[in-house]
Amino acid sequence: MRSDPTEKAANSVRRRVAALAVAGVAAVVLTGASDGQFDVSSQIGPNPKLPEPHQYLLPPMHLAPVVGWKKGETPSVPAGLKISALATGLQHPRTVYVLPNGDVLIVQSKGPNVEPIERPKDLIMGWVESFVTSSGGSGGSQGKSNRITLVREGADGQPAQQSLFLDNLNSPFGVALVGNDLYVADTDAIMHYTYHTGDTKITGPGTVLTPLPGGPIDHHWTKSLVASPDGSKLYVGVGSNSNITENGIEAEKNRAAIWEVDRQTGAHRIFASGLRNPNGLSIQPQTKALWAVVNERDELGPDLVPDYLTSVKDGAFYGWPYSYYGQHVDPRVMPQRPDLVAKAIPPDYALSSHVAPLGLAFSTGTSLPQKYQGGAFVGEHGSWDRDRFNGYKVVYVPFTNGQPSGKAEDVVTGFLDGKGNARGRPVGVAIDKSGALLIADDVGNTVWRVTSDGGQSAPSQ
Amino acid sequence: MSYYDNPRSTASLVGHPIHPMLVPFPIVCFIGALATDIAYWQTADMMWTNFSAWLLTVGIGFGVLAAIVGLIDFIGSRRVRDLGAAWMHAGGNVVVLVLAIFNDFVHSRDAWTSVVPTGLILSAVTVLVLLFTGWMGWAMVYRHRVGVSNNAL
């Protein structure tokens, strides 16, 4: 990728000129390629090590082409756990949501794909992205997406029943149920539907509770959703419209933020801002605080900036785009805003760089082994802009008194096949009624269910 | 009437050399990229750096075509190769293309550092070298009559 088409011409002209040119290419390319042996684990926890930012001619990239799951293959779990598929043959499942009666909603979604080509890079990045987001060969992946499937686990080992719950959505992601009010966060609006316990299909038409920033660019399009503990408000994550303002600061109005939406009126306010791409919005069960996982900015190096897990404080500003991890100024933003940088606070817990956390679930059940109780599971979709893969797994972060209290440890791995391909990629996570961990695997077109080994009875495959 | 035996252009269409048909594109594109870089530097309006990136990309594309055709002329004629101006023109334009390719990668960065300072400097240096190579190219045609027809009208 770094070969230079002009080298050929240079050789045929005059050796000296050619040598000079080649030396120049080498010098600049080499200064950019200094990955080294950075200890990724030094960026897991409350005080991540932050190397100096680097800017590149060509940022380091390593993509995992999708191969999908072969029959019988599953992700790996440590001893004491077992994993099986709850549902297969899905179309890009991204969110799992557990209804009070134990039924599981699987939100299948594809991006709106409305981002205009503004520069040559957009053409190339579009092509690059098609590699790693295209659905794998394993399961019915070319079918219709942007719909929600309901899965009801069969009684006594019977196979789970699937039914089409809600169709023709606009790049949906978040789901929240309050009483009989079911909210689905499409990319451009929070939709309201009426749901009754036991329903397997929504028949009534939806209404718009609150429009959300969608097109025309809609760079980060996933709108994560959670209800406040008292049910009066909804919190919705609205990701930024760019990596780092390259679509203009005016495109970022009301974005890179978590909105608080009044459930009665639909009115909204910015609850917290400076959060580049917040997902996995969840209420911590002990403290009732709002938490999220956030995807930080790209192209400052393989080990910048760490993605993170954080409690989200009312009115807080977390830096994007002007600074990262507190008050580390990003030189790519102009005009700079020292006044805002001065307000920026660091998040609670780094997950390391470019792991792309998209799912968060607090472990509320009691059926998993003791060591996986009381903390948080994080679905890490996996890296693309670093030399060595990072993420592509579900990790567990232990919590004590409502705060992270130790190193994240791997729980579900094996999404990469060891040969640089992705069999699946984890996105949303949830705890089901039995206390098992559910994982939406978008390119693997599967929802996985992790249970205690020997404890709970898992549904058959 | 006296006739000159002018150095010939190998890559030509019906006696019209192709190289001069292509070179206006990189020249205009690279000068334009300097102008739009200056505009971005002064305004921080992303439209201008996007302009620069397109200009550089198109300029490089046509520049490579012009280089191939120019190389054919260069290799195809001993008399062209005997000209000092031809060596300086060709060598200088390789430098121009290499600079522009670096510059295009720099312009593929996001936001401010796609231009300031490295992109802007590279755009300016590219245009300076281009002035020199352009001068040498004009010398080849207007002084040494490379590609000029031997037949007076």
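**Helix packing and cores**

Mentor: This is a predicted model. In chain B, helix H5(B) passes helix H6(B) in a left-handed crossing.

Trainee: At what angle do H5(B) and H6(B) pack, and how far apart are their axes?

Mentor: H5 of chain B covers residues 84-107 and H6 of chain B covers residues 118-143. The two pack at an angle of about 160 degrees, and their axes are 8 Å apart. That angle makes H5(B) roughly antiparallel to H6(B), because an angle over 145 degrees counts as roughly antiparallel.

Trainee: What classes of residue make up the contact of H5(B) with H6(B)?

Mentor: The contact of H5(B) with H6(B) is made up of 17 nonpolar and 11 polar residues, with no charged ones.

Trainee: And H2(B), how does that helix pack with H6(B)?

Mentor: Helix H2 of chain B, residues 24-43, packs with H6(B) at an angle of about 150 degrees, with 9 Å between the axes. H2(B) and H6(B) are therefore roughly antiparallel to each other. The crossing of H2(B) with H6(B) is left-handed.

Trainee: Which residues make the contact between H2(B) and H6(B)?

Mentor: From H2(B), the residues include B:Ile27, B:Phe30, B:Asp37 and B:Trp41. From H6(B), B:Gly119, B:Leu120, B:Val127 and B:Leu130 are among them. By class, the contact of H2(B) with H6(B) has 10 nonpolar, four polar and one charged residues.

Trainee: Changing topic to the nonpolar cores: which residues of the largest one touch the most other members?

Mentor: The largest nonpolar core has 93 residues, and A:Ile106, A:Tyr183, A:Val236 and A:Ile258 touch the most other members. Strand E16 of chain A, residues 290-294, supplies the largest share of this core, with five residues.

Trainee: What does A:Tyr183 touch?

Mentor: Leaving aside residues up to four places away in sequence, A:Tyr183 touches A:Val175, A:Ala176, A:Ile190, A:Met191, A:His192, A:Leu209, A:Leu225 and A:Leu234. There is also a second, separate core of 47 residues, which includes B:Leu56, B:Val69, B:Ala90 and B:Val106.

Trainee: How many helices and strands are there in chain A?

Mentor: Chain A has four helices and 29 strands.

Trainee: And what share of chain A counts as buried?

Mentor: Of its 461 residues, 50% count as buried.

Trainee: What about contacts in chain A between residues 24 or more positions apart?

Mentor: Among the contacts in chain A with a separation of 6 or more, 61% join residues 24 or more positions apart.

Key: Residues are numbered from 1 along each chain as its sequence is written. Chains are lettered from A and ligands numbered from 1 in the order in which they are written. This is a predicted model: local features need pLDDT of at least 70, side-chain atom pairs count only at pLDDT 80 or more; totals for chains, interfaces and linings use all residues. Axes are lines fitted to C-alpha atoms, for helices over the stretch in contact, and angles run from 0 to 180 degrees between N-to-C directions. Angles under 35 degrees count as roughly parallel, over 145 as roughly antiparallel, 65 to 115 as roughly perpendicular and the rest as oblique. A crossing is left-handed if the near helix is turned anticlockwise from the far one by less than a right angle, and right-handed if clockwise. Ala, Val, Leu, Ile, Met, Phe, Trp, Tyr, Cys and Pro count as nonpolar, Asp, Glu, Lys and Arg as charged, and the others, Gly among them, as polar. Two residues are in contact if their C-beta atoms, placed from the backbone, lie within 7 Å. A nonpolar core is a set of buried Ala, Val, Leu, Ile, Met, Phe, Trp, Tyr and Cys residues joined through C-beta atoms within 7 Å. A residue is buried if 20 or more other C-beta atoms lie within 10 Å of its own, exposed if 12 or fewer, and partly exposed in between; C-beta atoms are placed from the backbone.
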